[in-house]
Amino acid sequence: IITIDAHGNKWIGTDRGLAVYREGGVILTQTPTPAATIAETPTSVPAEAQLELTSGYVEVDGVNLYYEMMGSGPPLVLLHDLLLNREVWDEQFEVLAKEFTVIRYDQRNNGLSDSSDTSYVDIEDLHALLQFLEIDKATLIGSSYGGQMALDFALAYPDNVTALVLVGAPISGVSFPDNDTLSVQWRGVVLRRAFDVFQPSGRLHNADEAKEVIDLWFDFPNSRYWIMPEHTEVREQARQLLLANPQNLIRPRYMRNPDQLATGRLPEIQVPTLVVVGEADTPGLLDHADRLAVGIAGAEKVVIANAAHLVHLEQPEAFNQAVLDFLRRQ
């Protein structure tokens with residue numbers, strides 16, 4: 001396990017009993033015998049010509065999904081969380097596009113994509129998008145629910161996945177421990193109000209109701225697990241992104257889980273996997289990160305310091321370095 005601080009420096013940690021730390025531009029792995037030294041891959045990339053953006057819609061079962069694509073190289077898909085949309089990846093999109101063909105899109109009911117009045121499975125939308133773009137294999141980077149999607153997709157379509165980066169990702173079918181009072185209050189107050197939107201019978205009806213939930217979300221004490229309170233600019237950035245997209249909350253959702261959940265199936269994942277989690281994320285998601293790191297053979301785990309759930313918003317430089325270091329080794 002490597003811990004990376006806000007400046008991208010690696011902090012002393014352990015990986016299978018080995019001490020891992022950064023010194024003089026290299027990563028040293030300290031063993032009981034003489035230490036092995038591994039040269040660190042630079043994370044800077046040469047200046048390149050301005051990257052071109054391709055955007056459009058793909059129709060899936062009568063629903064239009066908005067996507068954007070940039071860069072060249074191996075395909076890589078960014079999967080946003082349940083409440084936000086593709087713009088949450090602004091700090092990663094162009095950076096990764098310097099080395100990869102990066103695709104980001106708005107899931108149904110979010111951003112510029114259509115809502116749906118029939119049941120659907122998100123990983124099937126992703127599969128349809130990749131087929132439309134004629135992409136056979138891709139690396140999937142998913143945050144929160146997007147990480148759950150990435151994991152479920154890799155289990156359903158193993159031949160279409162090159163690598164996984166799971167960021168604060170829950171494991172579908174695995175419950176959360178009730179050993180944290182604020183987490184229990186969060187589920188009982190905020191989630192019951194906000195996540196009722198994901199059931200057609202309990203949806204919000206207008207932008208005012210959506211704003212009420214957004215304010216509740218950010219003002220509730222447990223919101224510190226989402227974005228740390230001291231990161232005021234990032235919290236405001238996320239708030240404004242939600243306020244600009246009230247449809248993310250207003251639209252009814254008919255989403256359903258894949259036929260097979262990920263619980264008990266982690267050993268089936270056979271692709272390189274990076275598990276990323278903020279050190280201040282919820283106890284439940286820290287537990288899920290541990291389960292992912294142990295359950296997926298060869299999985300690496302990175303803990304980002306001074307970050308909660310939305311790591312890529314709170315510490316984009318440290319996050320980008322961790323992801324690029326991992327992908328460049330594959």
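# Exercises on salt bridges and nonpolar cores

Glu 68, Arg 86, Asp 90, Arg 104 and Asp 106 form a linked network of salt bridges. The exercises below refer to a predicted model, in which there are 15 salt bridges.

**Exercise 1.** Determine which strands are tied together by the salt bridge between Glu 68 and Arg 104, and decide whether each of these two residues is buried or exposed.

*Solution.* 
1. Begin with the pair itself: the side chains of Glu 68 and Arg 104 form a salt bridge with an N to O distance of 2.8 Å.
2. Glu 68 belongs to strand E8 (residues 63–70) and Arg 104 to strand E10 (residues 101–105), so the bridge ties together parts that are 36 residues apart in sequence.
3. Finally, apply the cut-off for burial, which is under 20% relative accessible area. Glu 68 has a relative accessibility of 6% and therefore counts as buried. Arg 104, with a relative accessible area of 7%, is buried.

**Exercise 2.** Identify where Asp 90, the salt-bridge partner of Arg 104, lies, and classify the exposure of Asp 90.

*Solution.* 
1. The closest N and O atoms of Arg 104 and Asp 90 are 2.8 Å apart in this salt bridge.
2. Asp 90 is in helix H1 (residues 90–97), whereas Arg 104 is in strand E10; the pair links distant parts of the chain, 14 residues apart.
3. The relative accessible area of Asp 90 is 45%, so this residue is partly exposed.

**Exercise 3.** Classify the exposure of the two partners in the salt bridge between Asp 259 and Arg 256.

*Solution.* 
1. In this bridge, the closest N and O atoms are 4.0 Å apart.
2. The cut-off for an exposed residue is over 50% relative accessible area. Asp 259, at 76% relative accessibility, is therefore exposed.
3. Arg 256 has a relative accessibility of 45% and so counts as partly exposed.

**Exercise 4.** Describe the largest nonpolar core and list the contacts of Val 77 beyond its neighbours within four places in sequence.

*Solution.* 
1. The largest nonpolar core contains 45 residues, and Val 77, Leu 126, Leu 151, Leu 164 and Leu 292 have the most contacts inside it.
2. Helix H3 (residues 145–156) supplies the largest share of this core, with 7 residues.
3. Once the neighbours within four places in sequence are set aside, Val 77 contacts Ile 103, Tyr 105, Leu 126, Leu 130, Ala 138, Thr 139, Leu 140 and Ile 141.

Key: Residues are numbered from 1 along each chain as its sequence is written. This is a predicted model: local features need pLDDT of at least 70, side-chain atom pairs count only at pLDDT 80 or more; totals for chains, interfaces and linings use all residues. Side-chain values use heavy atoms; hydrogens and water are left out. A nonpolar core is a set of buried Ala, Val, Leu, Ile, Met, Phe, Trp, Tyr and Cys residues joined through side-chain atoms within 4.5 Å. Buried means under 20% relative accessible area, exposed over 50%, partly exposed in between (1.4 Å probe, protein chains only). Helices (H or I, at least four residues) and strands (E, at least two) are DSSP runs, numbered from the N terminus. Contact means heavy atoms within 4.5 Å.
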